[in-house]
Amino acid sequence: MIDALSHFFRGPLEEIGESLSVTPDPDAINLADFLTNGALEEALAALSRRWERPDPRATATQWSKFYFSRLLPPALLPAILAGWQLPLSPETLSIRLDHEGIVTGFVLKHAGAANADAPRFHFLLDGHLAPVISALSEESGLPAKVLWSNAANILEATLTRASALLGADHAGIAEGIALLNAAKRPDGRANPVYDPIRYRKTAAGTERIRRLCCLRYFTDELTLCKSCPRKQEHRAR
């Protein structure tokens, strides 16, 4: 936990901030180096050993889910609450890995600061996710749109959880929802996190379904995830 950010992670949110640190760690790897010097390939190979016949694309999608679930909630919560922007550029960020190549923590140069003049989430989309997703897609062959969908899935889930605590009318929640609902960015570019989740009424209640499949089923040992859009196809068989 970073002391300067601890007020964002109170009560049920305390655990979310544990993956962030500003304490130098000699075992942490600079993210820019990790993405370019073969270390990413080694990390994916380490994770792939979980399965007998791993598909590189399924390995990459699983690796990205671990990565995004560790990073996005603690990066998003301060942004939602106070427009706080963490320094997440690959050149200034370091990562910790476990023996399976999974990222377990992030070492930042400093705690960042609030920036009321900037969009709350663009520092994350443009400054961090874009280069990470580009490198992971190139290394694995998994389409970038699937990786963006994996990130957007966690973005939507984090906003939903935060909305339950803060209310849908909170400025940070409203801006996040507007981002997910916009097909294009303000500069006209396509929005890679647009419309990631659909909610479908069923006899049992409301079902949360991803718009894009994560493709983890390309490895036979991995079943469809609980929000997979392919579930409807399988039910019809």
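Visitor: What should I know before we start?
Guide: This is a predicted model, where local features need pLDDT of at least 70, side-chain atom pairs count only at pLDDT 80 or more, and totals for chains, interfaces and linings use all residues. Residues are numbered from 1 along each chain as its sequence is written, and side-chain values use heavy atoms, with hydrogens and water left out.

Visitor: Why is Arg-120 called buried?
Guide: Buried means under 20% relative accessible area, exposed means over 50%, and partly exposed is in between, with a 1.4 Å probe and protein chains only. Arg-120 has 15% relative accessibility, so it counts as buried.

Visitor: Where is Arg-120, and what is it in contact with?
Guide: Look in the loop between strand 6 (113–114) and helix 4 (122–140). Helices (H or I, at least four residues) and strands (E, at least two) are DSSP runs, numbered from the N terminus. Contact means heavy atoms within 4.5 Å. Leaving aside neighbours within four places in sequence, the contacts of Arg-120 include Ala-79, Ala-82, Gly-172 and Glu-175.

Visitor: Is Ala-82 buried, exposed or partly exposed?
Guide: Its relative accessible area is 35%, so Ala-82 is partly exposed. Ala-82 lies in helix 3 (residues 56–82). Leaving aside neighbours within four places in sequence, Ala-82 is in contact with Phe-8, Ala-114 and Arg-120.

Visitor: And why does Leu-215 count as buried?
Guide: Leu-215 has 16% relative accessibility, so it counts as buried. You'll find Leu-215 in the loop between strand 8 and helix 7 (231–236). It has a positive phi of about 70° although it is not a glycine.

Visitor: How do you know that strand 7 and strand 8 pair?
Guide: Two strands pair if DSSP finds at least two bridges between them. Strand 7 (residues 197–202) and strand 8 (residues 205–210) have 6 bridges, in the antiparallel sense, so they pass that test. They form a hairpin with 2 residues between them, and Thr-202 stands opposite Gly-205 in strand 8.

Visitor: What makes strand 1 and strand 2 edge strands?
Guide: First, the sheet: it is open, has 4 strands in the order 1-5-4-2, and its pairing is mixed. Strand 1 (20–21) and strand 2 (29–30) are its edges, as each pairs on one side only. Strand 2 is joined to strand 4 (residues 94–97) by 2 bridges, and they run antiparallel. Ile-29 stands opposite Ile-95 in strand 4.

Visitor: How does the span of helix 5 compare with the expected one?
Guide: The expected span is 1.5 Å times one less than the number of residues. Helix 5 (residues 144–166) has 23 residues and reaches 32 Å from its first C-alpha to its last, close to the expected 33 Å. Just after helix 5, Gly-167 takes a positive phi of about 95°.
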